[in-house]
Amino acid sequence: MQRAVFESSQKRDIQDILKGGEISIPLDGTEEPRFHRGPEGLKEHILPGNKDFLEGDILPRPEGGGGRPQAGGDGTGEDAFRFILTRDEFLDLFLDDLELPDLAKRRLMSADQINPVRSGYSVTGSPANLAINRTMRLAMMRRVALHRPKPETVAKLIEEAEECKDETRRAELEAEIKLLESKVRRIPYIDPIDIRYRRFENEPKPVAQAVMFCLMDVSGSMSEHMKDLAKRFYMLLYIFLTRQYRRVEIVFIRHTDVAEEVDEETFFRSPATGGTQVSSALEAMRRIVHDRFPASDWNIYAAQASDGDNAYSDNATTAALLTGEILPVCQYFAYLEVGESRGVAISSGSAIWSLYERLQVAWPVLSMRRVNDRSQIYPVFHDLFQRRTAETRSG
């Protein structure tokens, strides 16, 4: 089913991924596995209307072996089982085996979930929270402490008084019975002071804070096709983050030779022109981390999309910012290099790719991928964020 969802997503625009919709699964994909007898050996058949063969004739085995009959006609056929997935069901399958690496490394902060937790007992409360065992235990302790007569003791005295022939002894027993019955009435089996209710307090549940920085080159060297690839990658990332984690801040930074923090609408749709200086985006990210997202309190992730172009004079500054300021505080930094349409090769020696390739040796948190066609976006995204069992970095 997950494969069917993936194949369906390949035919959709990224905006349509949130809509769920119809999914087709080949009919043979819905069958339970079972054992069956193989085609070897001799078989006897009764063929009604036979005019060509006699008993004992041996028929040659059909070429191609046994198995399910294939669809007739010139082409191939395949029955399909079709069903409708809701938006949540589609996304559950679409993102089933993905995760954001090392999400909860840093200190737990910012409680935004309030959960009721047990907090002892109280003498008042809702009948639904009545602590029966606790109430009965306290009632028994009180009755024992006050020497409340047991019902069987009173019953035994009554039986003895009825059988007693001595009037004096009977009078003594009746007086004792009255005294005990009076004591029973004064000491109830369960008193209001015995009743206890389970007490609950609303306790905030700490949630790990994470921030995702989306960096994108919007300079003149980025064609509309490249920007479209980058936008689709970030839209997938946005869907993934909002689906997986309840408390994740997303910061959009676009840059030419200058960088600016923008909202989602501007990031994806507003045009911009200019040269390319990657360090401007990294500097903006460094400043925002320092001002609003201290690394001691936040899990920091970054994803950068670019065509690989960068001013030659900016490479040293970019490397210094990455190794000195950005990568040390990041738990994951994904770089997506976008190229022209399929058939046009991405340059193997782009400025950013060559620089990041050298840095990647010392910084395993830096991951790099290339795409040049829409159909490659999800496989690359899946490869970057697939569930891993990698050892968590100490922080």
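Guide: Thr135 is found in helix 3 (residues 132-145); helices here are DSSP runs of H or I with at least four residues, strands are runs of E with at least two, and both are numbered from the N terminus. The model is a predicted one, in which local features need pLDDT of at least 70 and side-chain atom pairs count only at pLDDT 80 or more, while totals for chains, interfaces and linings use all residues. Residues are numbered from 1 along each chain as its sequence is written, and side-chain values use heavy atoms, with hydrogens and water left out.

Thr135 has a relative accessible area of 6%, so it is buried (buried is under 20%, exposed over 50%, partly exposed in between, with a 1.4 Å probe and protein chains only). Apart from neighbours within four places in sequence, Thr135 is in contact with Leu130, Ile190, Asp194, Ile195 and Arg196, contact being heavy atoms within 4.5 Å.

Next come the helix pairs. Two packed helices are described by the angle between their axes and the distance between the axes. The axes of helix 8 (residues 278-292) and helix 9 (residues 315-326) cross at roughly 20 degrees and come within 9 Å. Helix 8 is therefore roughly parallel to helix 9 (under 35 degrees is roughly parallel, over 145 roughly antiparallel, 65 to 115 roughly perpendicular, the rest oblique). An axis is a line fitted to C-alpha atoms, for helices over the stretch in contact, and angles run from 0 to 180 degrees between N-to-C directions. From helix 8, Val278, Ser279, Leu282, Glu283, Met285 and Arg286 meet Thr317, Thr318, Leu321, Leu322, Glu325 and Ile326 of helix 9. By class, this contact of helix 8 with helix 9 has six nonpolar, three polar and three charged residues.

Helix 9 also meets helix 10 (residues 351-360): their axes come within 11 Å and cross at roughly 40 degrees. On the helix 9 side the contact is made by Asn315, Thr318, Ala319, Leu322 and Thr323, and on the helix 10 side by Ala351, Leu355, Tyr356 and Leu359. The residues of this contact of helix 9 with helix 10 divide into six nonpolar, three polar and no charged. In this scheme Ala, Val, Leu, Ile, Met, Phe, Trp, Tyr, Cys and Pro count as nonpolar, Asp, Glu, Lys and Arg as charged, and the others, Gly among them, as polar.

That leaves the salt bridges, where a side-chain nitrogen of Lys or Arg is within 4 Å of a carboxyl oxygen of Asp or Glu. The count comes to eight salt bridges. One of them joins Glu160 to Arg169, with the closest N and O atoms 3.5 Å apart. Glu160 is partly exposed at 34% relative accessibility, and Arg169 is partly exposed at 35%. Arg169 also forms a salt bridge with Glu172, the closest N and O atoms again being 3.5 Å apart. Arg169 and Glu172 both lie in helix 5 (residues 167-186), three residues apart, about one turn of the helix. Glu172, at 45% relative accessibility, counts as partly exposed.

Another salt bridge pairs Glu261 with Arg292, with 3.0 Å between the closest N and O atoms. This pair links distant parts of the chain, since Glu261 is in strand 7 (residues 259-262) and Arg292 is in helix 8, 31 residues apart. Glu261 is partly exposed at 41% relative accessibility, and Arg292 is partly exposed at 41%. Salt bridges that share partners join Glu160, Arg169 and Glu172 into one network.
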